[in-house]
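Visitor: I would like to learn how to read this model, feature by feature. Where do we begin?

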Amino acid sequence: MKKESKAFVNGNVITMDNEDTRAEGVLVKEGRIVAVGTSKEIETSAKKEGIPLEDLQGKTVLPGFHDCHVHVMGTGLAAVGAELYDCGSVKEVLDTLKEEASKRKEGWICGVRLDESRLAEKRPPLLQELSEAFPDRGVYLVDRGLHYTVVNQKAYEEIGYDGTEKGFGRDDAGKPNGRMHEEANTMARQYFNDSMTKEQRKNAIDSVEKEALKKGITTIHAMEGGEMFSDKDVDGFLETEGKRNVDFVLFWGTLDIDKVKEKGVPRIGTDILSDGSIGSRTAAFDEPYTDKPDTCGELYYTDEILTELIEKALKSHMQCGFHAIGQTAIRRILDCYEKAYEKYPWGDARFRIEHFGFCDEGDIERAAKNKVVISTQPSFSYLRGGPGSVYEIRLGEERERKAYPLKKFVEHGIVVAGGSDSNVTPMDTLLGIHSAVNHPYPEHKVNVYQALRMYTIDAAYSAFEEKEKGSIETGKMGDFTILSESPYDVASDRIKDIEVEMTVKEGKIVYSRFAK
């Protein structure tokens, strides 16, 4: 993209530097910040160099927001699938799919963000119901947490299941019920995603970029490829690197480190699934689920596989990490990391654990000791936690109350990066900041400054970008999010309602709320 020169004056500039200093203006020259100071200082310098002025009229300026966990292709695909999150019953799901089928006359019928906890039956529609409604077209439904899929008979046949796959769902009579976890889920996801055209992939990324700019997001950590999506997506990100108005930092979810090296990507993972999700009861715990006592969740890889991958990454000085939500999975990942690091110590590994949702106190201490970065999603607890929530139903009150203890992470000195896991929760940084400050349980809340760090300077650090982004300082990229109000000045329960006025990427205004 074209880098621009522009002076921004008469603003409330929150720099997020080490001293948390404030300013009134910022001067950007050819995409880089060259001065931060008073409006008079910036205006004087700009006039000398013939750089145009942008009067912010008291608006708040923050470093460009980061979202540290987005499934870009999954989020983009949601734009071409039926939205199922608001459905309240299996019948409503089927009716929504029928409406979608009437709009799209060919190809599979796709439904996204299916949340069985919101359905009256507390289960998704299964193979027979979907097959009766749609006998001649494949149906592919994606769980809100991305941890299982549901297919009908037509899709089942096209995918090519033989019934021996791990995670293959069956009813009480032993017949396929269409609900697929683990290997069977991977097969469905890859079949569907591999069939996309190059143009469809481009359109998916385009739609996410457009939405991100509306939310003030200038950098996205894109969790792509591997078993959850398609490795065919990777080239779409690499080919447009540096050419878009949003920086997509690729996190490739494959176990094939040689393939990652060949493409020149400096990281592997970090959303490789070591366990699953709460909604699908596949997050791994020591004790059974309260509402399904016959399961403690799932662990998807052996310790040997996890340790070997971490060792290879450390040996090659590549950043690495894994998804872990349940206490058992978190403990296990830390065990594997400690074992690998002892063999191949790299002082600045910045090993990431995505989510770190339901952790034991001792593992918070271990994460701090090992300088692990926690990449988490404050909106998970805000939207899904608290008394009477799906978390409480699944896990019981005592375990649920321990979910996502953000304040403990910060107090232990852990670098915490904030994200959305879109399209699991909305790609909305202000909602994330709001959620961190308004955690359902007061003992886990953080203050505004700590929440802002998660989406700015600490987010940049989590991808080795803190020298380029994350704060408004000379020499860094001119990436800004301009807000109608300051998160410090509004009531805490209004942070999510602050408007993004403008988004600036390397000095260029790439989104304006008032643009026609």
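Visitor: How many salt bridges does the structure hold?

Guide: This is a predicted model. The general idea comes first: side chains of opposite charge can pair when their charged atoms come close. The structure here holds 50 salt bridges. Take R332 and D303, whose side chains meet at 2.6 Å, N to O. R332 lies in helix α11 and D303 in helix α10 (residues 303-315), so the pair ties together parts that are 29 residues apart in sequence.

Visitor: Is R332 buried or exposed? And how does D303 count?

Guide: R332 is buried, because its relative accessible area is 11% and buried means under 20%. D303 counts as partly exposed, at 35% relative accessibility.

Visitor: Which residue forms a salt bridge with R352?

Guide: That partner is E354, and the closest N and O atoms are 2.9 Å apart. R352 and E354 are both buried.

Visitor: Where do K407 and E411 lie?

Guide: Start with the rule. An α-helix has 3.6 residues a turn, so residues three or four places apart point the same way. Both K407 and E411 belong to helix α16 (residues 406-411), 4 residues apart, or about one turn of the helix. They form a salt bridge, with the closest N and O atoms 4.0 Å apart. K407 is partly exposed, with a relative accessible area of 35%. E411 counts as exposed, at 56%. Elsewhere, salt bridges that share partners join K3, D247, E465, K469, D479, K505 and E506 into one network.

Visitor: Now the sheet. In what order do the 4 strands come?

Guide: Strands of a sheet pair through backbone hydrogen bonds, either parallel or antiparallel. In this open sheet the order is β5-β4-β1-β6, with mixed pairing. The edge strands, β5 (32-37) and β6 (53-55), each pair on one side only. From one strand to the next, the twist averages 20°. Strands β1 (residues 6-9) and β4 (residues 25-29) pair in the antiparallel sense over 3 bridges. The bridge partner of F8 in β4 is V26.

Visitor: What packs on the sheet?

Guide: Helix α1 (residues 39-49) does, touching β1, β4, β5 and β6. The direction of α1 makes about 25° with that of β4.

Visitor: Which residues of α1 are buried, and which are exposed?

Guide: S39, I42 and A46 are buried. They cover an arc of only 70° around the axis, which puts them on the same side of α1. On the other side, K40, K47 and K48 are exposed. The cover over the buried residues of α1 includes β1, β4, β5 and β6. Just after α1, G50 takes a positive phi of about 70°.

Visitor: What does I33 touch?

Guide: I33 has its place in strand β5. I33 is buried, with a relative accessible area of 2%. Leaving out residues up to four places away in sequence, its contacts include V26, L27, V28, I472, M477 and F480.

Visitor: Finally, the core. Which residues have the most contacts inside the largest nonpolar core?

Guide: In soluble globular proteins, nonpolar side chains tend to be buried together. The largest nonpolar core here has 112 residues, and I220 and F356 have the most contacts inside it. Helix α11 (residues 327-343) gives the largest share of this core, 7 residues. A second, separate core has 17 residues, among them C87, V93, L94 and Y148. Beyond its neighbours within four places in sequence, I220 is in contact with residues including V70, V208, V246, F248 and M427.

Notes. Residues numbered from 1 in each chain as written. Predicted model: local features only at pLDDT ≥ 70, side-chain atom pairs only at ≥ 80, totals over all residues. Heavy atoms only, no water. Pairing = 2+ DSSP bridges. Helix = DSSP H or I, 4+ residues; strand = E, 2+ residues; numbered from the N terminus. Axes fitted to C-alpha atoms, helices over the stretch in contact; angles between N-to-C directions. Contact = heavy atoms within 4.5 Å. Core = buried A, V, L, I, M, F, W, Y, C linked by side-chain atoms within 4.5 Å. Buried < 20%, exposed > 50% of the residue type's maximum accessible area, 1.4 Å probe, protein only. Arc of directions from axis to C-beta.
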